[in-house]
Amino acid sequence: MNTKILSGFTFVTLLLLSCSRDNDRVPAPNTETNSVNDFVWKAMNSWYYWQPNIPKLADNFKNSAEYLPFINSKTPDGLFYSLLYDYGNTDRFSWIENNNTIMQASRVAEVEKISGFDYAVYPKDNTNTSAVALVNYVVPGSPAASAGIIRGDIITKVNGAPLTLSNYSQLSQDQFTLTRAATAVMTSSALVTTDRAENISITKTNIDENPIAFYKKYNYGGKNIGYLVYNGFKSDYNDELNAAFATMKADGITELVLDLRYNGGGSLETATALAQMVNGNYTGQPYVYLDFNAKHNDEDGMDYLTNTVKTYNVVNGHPEQTGQQNVNSLNLSRIYVLVSFQTASASELTVSSLNKYVPVTTIGNETYGKFVGSITLYDSPASDFTSYATRNTSHNWKLQPITFSYYNKDRDPNPSGGILPTYAINPFQAINNIKEFGNVSDPELKKALELISGQTISKTAEIPVIYSNRNIRFQPGNEGNGLVIEDFESFSKNRK
């Protein structure tokens with residue numbers, strides 16, 4: 001017998017048997033905790049407004065056998081969105097960021113990059129298929145402005161295809177093309193458009209949009225009327241907002257039309273300062289009541305009006321205070337606010353809370369209906385995840401979940417939908433009457449000026465309301481909008 005062959009056969013047999021046994025072994029369980037995901041879960045368990053409604057956020061879930069497999073099987077953003085309550089319906093507002101970029105379950109939506117135009121999408125008829133996008137405004141110096149797009153333009157095509165209620169989101173891509181209408185005529189059954197011979201290319205770029213978009217002084221009926229378009233409660237523009245009120249004060253403004261139709265919200269601190277700018281006679285009075293989850297009842301309570309406003313620069317996505325200014329107040333006895341289905345959160349707070357001190361007349365469309373807010377949570381467990389200074393700097397994940405609901409000072413129940421306007425103007429009526437800001441062909445502005453002055457400003461043709469469906473969409477915009485307490489650690493200390 002060839003012993004070399006036998007020995008070789010024996011070795012191979014033993015090796016195969018050994019490999020077979022290895023393949024049959026169950027892999028050792030992963031006992032290492034994903035540290036970022038552990039932060040996501042713990043922070044949400046502590047602060048999320050709807051924490052009691054999420055079984056996987058229950059306190060005892062942390063010590064269960066399901067915990068590690070659950071949190072280790074997901075990306076940080078995937079885990080975050082899986083923990084939201086009735087996501088897309090009840091909670092449409094929470095988000096998570098990495099490197100100051102909002103993540104949507106591993107689908108990136110840039111915060112800084114913008115095309116430079118805000119839009120709303122309207123169905124062309126009752127089929128709920130064909131659509132157009134109305135340009136609400138254009139940011140100066142943006143790609144859209146450079147391409148010649150202006151407020152009131154009607155977009156009919158995106159990437160060469162007719163716009164529909166299914167493909168309109170392509171208008172928010174990093175790169176896309178669009179076509180505008182040459183004519184738009186409202187018939188008894190539809191909006192009929194013809195296209196321009198164009199295919200405009202848009203590429204997003206980094207723009208820090210100034211939310212103080214427009215100001216103009218009018219004189220009707222012997223009254224000095226200010227018209228201010230304000231598109232976002234951005235704390236790093238607090239000084240510019242205060243300066244706008246200083247200008248109006250110098251102009252002798254006694255009546256104000258505040259345009260919040262395209263304002264999705266922002267800083268609570270800025271919203272409180274705006275109220276003081278409208279009327280500074282209520283310093284030290286309660287303005288808005290905040291209600292947190294049961295774990296943070298000690299944070300429940302009022303935020304108060306103050307006669308100073310902090311100024312900020314945003315550094316690496318975090319507001320850093322640069323100073324403080326005395327508030328410039330007009331001491332108005334009333335105010336007119338233009339609203340729409342894009343008016344949300346801090347804008348709605350302004351209507352409901354300011355109205356407790358100064359009569360607020362609203363003109364336009366029912367507002368969005370967002371009566372909740374958020375704070376920024378960092379990987380800083382020693383501070384219960386609220387400290388930016390002591391955060392774990394080995395990663396750049398941070399959370400912006402809904403953490404509180406808000407009410408006016410009397411804690412009146414918030415409406416089940418949005419805030420209904422004092423004077424309703426169907427948005428379809430405006431679609432052919434939108435010019436640059438300040439033009440009195442704008443139906444909502446025209447109505448406000450007439451209410452203030454008691455005069456007929458101009459005659460405009462009535463646009464028939466051809467269909468009553470409310471299947472109107474608007475640009476997702478900057479997900480950083482909403483009602484936000486940006487530096488909660490400092491905010492909380494100042495209230496106690």
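**Aromatic pairs and charges over rings**

Me: What makes Lys56 a residue that lies over the face of Phe70?
Reply: Lys56 is 5.4 Å from the ring centre of Phe70. A charge sits over a ring if NZ of Lys or CZ of Arg is within 6 Å of the ring centre and within 35 degrees of the ring normal. The model is predicted, with local features needing pLDDT of at least 70, side-chain atom pairs counting only at pLDDT 80 or more, and totals for chains, interfaces and linings using all residues. Residues are numbered from 1 along each chain as its sequence is written, and side-chain values use heavy atoms, leaving out hydrogens and water.

Me: Where does the charged end of Arg411 sit?
Reply: It sits over the ring of Tyr289, 3.9 Å from the centre of that ring.

Me: How many aromatic pairs are there, and why is the pair of Trp47 and Phe488 called edge-to-face?
Reply: Rings of Phe, Tyr and Trp (its six-membered ring) pair if their centres lie within 6.5 Å; planes under 30 degrees apart count as stacked, over 60 as edge-to-face and the rest as tilted. The count by this rule is 28 aromatic pairs. Trp47 and Phe488 are 5.4 Å apart centre to centre, with 80° between the planes, and the pair is therefore edge-to-face.

Me: Which residues form a cluster through ring pairs?
Reply: Trp47, Phe292, Phe404, Phe488 and Phe491 are linked in this way.

Me: Why does Tyr137 count as buried?
Reply: Buried means under 20% relative accessible area, exposed over 50%, partly exposed in between (1.4 Å probe, protein chains only). Tyr137 has 7% relative accessibility, so it counts as buried. Tyr262, at 9%, is buried.
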